[in-house]
Amino acid sequence: MFAREDLTYTTLPLPDRADLSDDEMRAAAQAFHEVMGKRHTVRDYSDRPVSQQVIEDCIRTAGTAPSGANHQPWHFVAIRNPALKQRIREEAEEEERRFYAGGAGDEWIKALEPIGTDAVKEHLTVAPWLIVVFAQRWGQFEDGTRFKNYYVPESVNIATGFLLAALHHAGLCTLTHTPNPMRFLNEALDRPASEKPTMIIAVGHPAEDATVPEVAKKKKPLDEILTICD
């Protein structure tokens, strides 16, 4: 993406400017909150297909996220292939069995009890798509020499948030999954050593009998997550 001769500062007029009244801003903020308030982490998926175009459009949205020095240090691998999803499930479940067998520690396991999770990750093969998020620790100029990426975790996390919001806006459900370690994903997906997998996102439509943990609907009130300094 980058060439040494392009590393100069230039500007252009703000291309897209919102011009809402105070009332319109308030209405827009409340409407978006209502939309995102209906987002649920789902573990029970139907096998209803999801168009590749929808996945591409949502990842295109993720690619609009801000990033350190605009290096955009992310890569997304979208997987529909059943054999590859099965391989990822098998390797993820192997790590999860270690996790639940004592690798996580008693306190962590206790914290997960209200969520109802275990080492079985059926969603990784039932959901029509998996999206694996990779963080690019360094990039390369056109001549192959490396350059450093900046604020990589922060940038990738913002882009992932954009992606989750876009998928929800498109009417899809998601589940974020972070087996530890995840280096097996580099080999399975033929990604370079410069990239670190950060998350597997299952994407699809909920099963008819899908459920969510009751505790998942309990969100902190505004006064616990907001401090205003006038």
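Does Cys-173 count as buried or exposed, and at what relative accessibility? Select Cys-173 to find out: with 14% relative accessibility, this residue counts as buried. Keep in mind as you click around that this is a predicted model.

Searching the whole structure turns up zero disulfides. For Cys-58, the nearest cysteine sulfur belongs to Cys-173 and is 13 Å away. A disulfide needs the two sulfur atoms within 2.5 Å, so at 13 Å Cys-58 is in no disulfide. Looking back from Cys-173, the nearest cysteine sulfur is that of Cys-58, and Cys-173 is likewise in no disulfide.

**Stop two: the aromatic rings**

Now show the aromatic side chains; there are three aromatic pairs in the structure. Phe-99 is buried, its relative accessible area being 17%, while Tyr-100 counts as partly exposed at 25% relative accessibility. The reason for the two labels is the cut-off: buried means under 20%.

Next, select Phe-141 and Phe-147. This aromatic pair is tilted, with 4.9 Å centre to centre and 55° between the planes. Both of these phenylalanines are buried.

**Last stop: a charge over a ring**

Finish by selecting Arg-146 and Trp-138. The charged end of Arg-146 sits over the Trp-138 ring, 3.9 Å from its centre.

Terms used:
Residues are numbered from 1 along each chain as its sequence is written. This is a predicted model: local features need pLDDT of at least 70, side-chain atom pairs count only at pLDDT 80 or more; totals for chains, interfaces and linings use all residues. Side-chain values use heavy atoms; hydrogens and water are left out. Rings of Phe, Tyr and Trp (its six-membered ring) pair if their centres lie within 6.5 Å; planes under 30 degrees apart count as stacked, over 60 as edge-to-face and the rest as tilted. Buried means under 20% relative accessible area, exposed over 50%, partly exposed in between (1.4 Å probe, protein chains only). A charge sits over a ring if NZ of Lys or CZ of Arg is within 6 Å of the ring centre and within 35 degrees of the ring normal.
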